[in-house]
Amino acid sequence: TAQEAERESAARPGLAGAAVNGPRSVVLAGDPAAVDALVADLAARDVFARKVKVDVASHSPQVDPLAADLRAELEGLAPVAAKVPFHSTVRGETLGGAELGPDYWVENLRRPVLFGPAIERLAAEVDAFVEVGPHPILTPSVADGILRAGSPAVALPSLVRDEPERASILGSLGALWTRGAEVAWERLHPR
């Protein structure tokens with residue numbers, strides 16, 4: 001849980017919370033040796049843990065040396081008002097869009113991602129979540145958040161690794177249609 005991960009990172013210098021993806025899915029980031037030690041310790045206690053292959057420990061203090069350069073590279077970014085609601089997983093609120101300038105994106109790369117809490121808030125507003133990507137990495141966390149929120153919403157993938165692409169996406173499309181979503185069938189069957 002997020003609370004257990006917080007205790008683990010507080011007891012280990014060089015680690016910080018990087019993401020809360022769901023009630024049972026948390027990411028810690030930091031010094032590689034500290035991460036290795038934590039993974040080994042958790043494995044010894046039969047707690048599932050694995051390293052995520054990334055080049056930079058985003059959403060942690062390890063980003064701090066990059067902040068000024070990132071802000072400079074993003075200078076001139078001219079955000080506008082969003083046409084659809086923008087739910088920030090960094091600030092935990094809905095943003096209008098105009099505030100998504102350089103400072104926001106530096107903050108986004110530095111602060112922990114509160115994905116799970118965002119899903120729990122959104123579960124009261126939406127009927128379905130679709131993870132768009134080559135494999136449903138976050139769909140299980142979305143399903144956990146939906147369950148935790150007591151919502152009837154569903155979590156669906158667009159594609160699933162090692163499964164036929166057309167069957168995967170049509171399966172999720174069918175699930176959405178049976179829940180009442182409008183489908184532009186003519187896009188699939190023009191004649």
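pLDDT is the predictor's confidence in each residue, from 0 to 100. Welcome to this protein, a predicted model in which local features need pLDDT of at least 70, side-chain atom pairs count only at pLDDT 80 or more, and totals for chains, interfaces and linings use all residues. Residues are numbered from 1 along each chain as its sequence is written, and side-chain values use heavy atoms, with hydrogens and water left out. The protein has a mean pLDDT of 93, and 100% of its residues reach 70 or more.

**Confidence along the chain**

- Helices (H or I, at least four residues) and strands (E, at least two) are DSSP runs, numbered from the N terminus.
- Among these elements, strand β6 (residues 154-157) has the highest mean pLDDT, 97, while helix α8 (residues 185-188) has the lowest, 88.

**A strand pair and a packed helix**

- Strands β1 (residues 15-22) and β2 (residues 25-30) run antiparallel and are joined by 6 bridges; two strands count as a pair if DSSP finds at least two bridges between them.
- The link from β1 to β2 is a hairpin of 2 residues, and Gly22 stands opposite Ser25 in β2.
- Helix α6 (residues 139-149) has these buried residues: Thr139, Ser141, Val142, Asp144, Gly145 and Ile146.
- Here buried means under 20% relative accessible area, exposed means over 50%, and partly exposed is in between (1.4 Å probe, protein chains only).
- What do the buried residues of α6 pack against? Their partners are β1, β2, α5 (115-122), β5 (128-131) and β6, where contact means heavy atoms within 4.5 Å.
- Just after α6 comes Gly150, which takes a positive phi of about 70 degrees.

**Salt bridges**

- A search of the whole structure turns up 11 salt bridges, each one a side-chain nitrogen of Lys or Arg within 4 Å of a carboxyl oxygen of Asp or Glu.
- Arg12 and Asp41 form one of them, with their closest N and O atoms 2.5 Å apart.
- This pair links distant parts of the chain, 29 residues apart: Arg12 is in the loop between α1 (2-10) and β1, and Asp41 is in helix α2 (residues 32-44).
- Arg12 is buried, at 18% relative accessible area, whereas Asp41 is partly exposed at 28%.
- Both residues also belong to a network of salt bridges that links Glu8, Arg12, Asp41 and Arg45.
- Another salt bridge joins Asp103 to Arg71, with 2.7 Å between the closest N and O atoms.
- That pair, too, links distant parts of the chain: Asp103 is in helix α4 (residues 102-110) and Arg71 is in helix α3 (residues 67-74), 32 residues apart.
- Arg71 counts as partly exposed, at 32% relative accessibility.
- Glu107 and Arg111 also meet through their side chains in a salt bridge, at 2.4 Å from N to O.
- Of these two, Glu107 is buried with a relative accessible area of 16%, and Arg111 is partly exposed at 35%.

**Aromatic pairs**

- The whole structure holds 4 aromatic pairs.
- One of them is Phe86 with Tyr104, an edge-to-face pair at 6.2 Å centre to centre and 75 degrees between the planes.
- Why does this pair tie together parts that are 18 residues apart in sequence? Phe86 lies in strand β3 (residues 86-87) and Tyr104 in helix α4, so the pair bridges that separation.
- Phe86 is partly exposed, at 25% relative accessibility, whereas Tyr104 is buried with a relative accessible area of 2%.
- Tyr104 also forms an edge-to-face pair with Trp105, at 4.9 Å centre to centre and 90 degrees between the planes.
- Trp105 counts as partly exposed, with 31% relative accessibility.
- Phe86, Tyr104 and Trp105 form one aromatic cluster.
- To read these pairs, note that rings of Phe, Tyr and Trp (its six-membered ring) pair if their centres lie within 6.5 Å; planes under 30 degrees apart count as stacked, over 60 as edge-to-face and the rest as tilted.

**Separation in sequence and space**

- Val126 lies in the loop between α5 and β5 and is partly exposed, at 28% relative accessible area.
- How many residues apart in sequence are Val126 and Asp36? Val126 and Asp36 are 90 residues apart in sequence, and 39 Å separates them in space, C-alpha to C-alpha.
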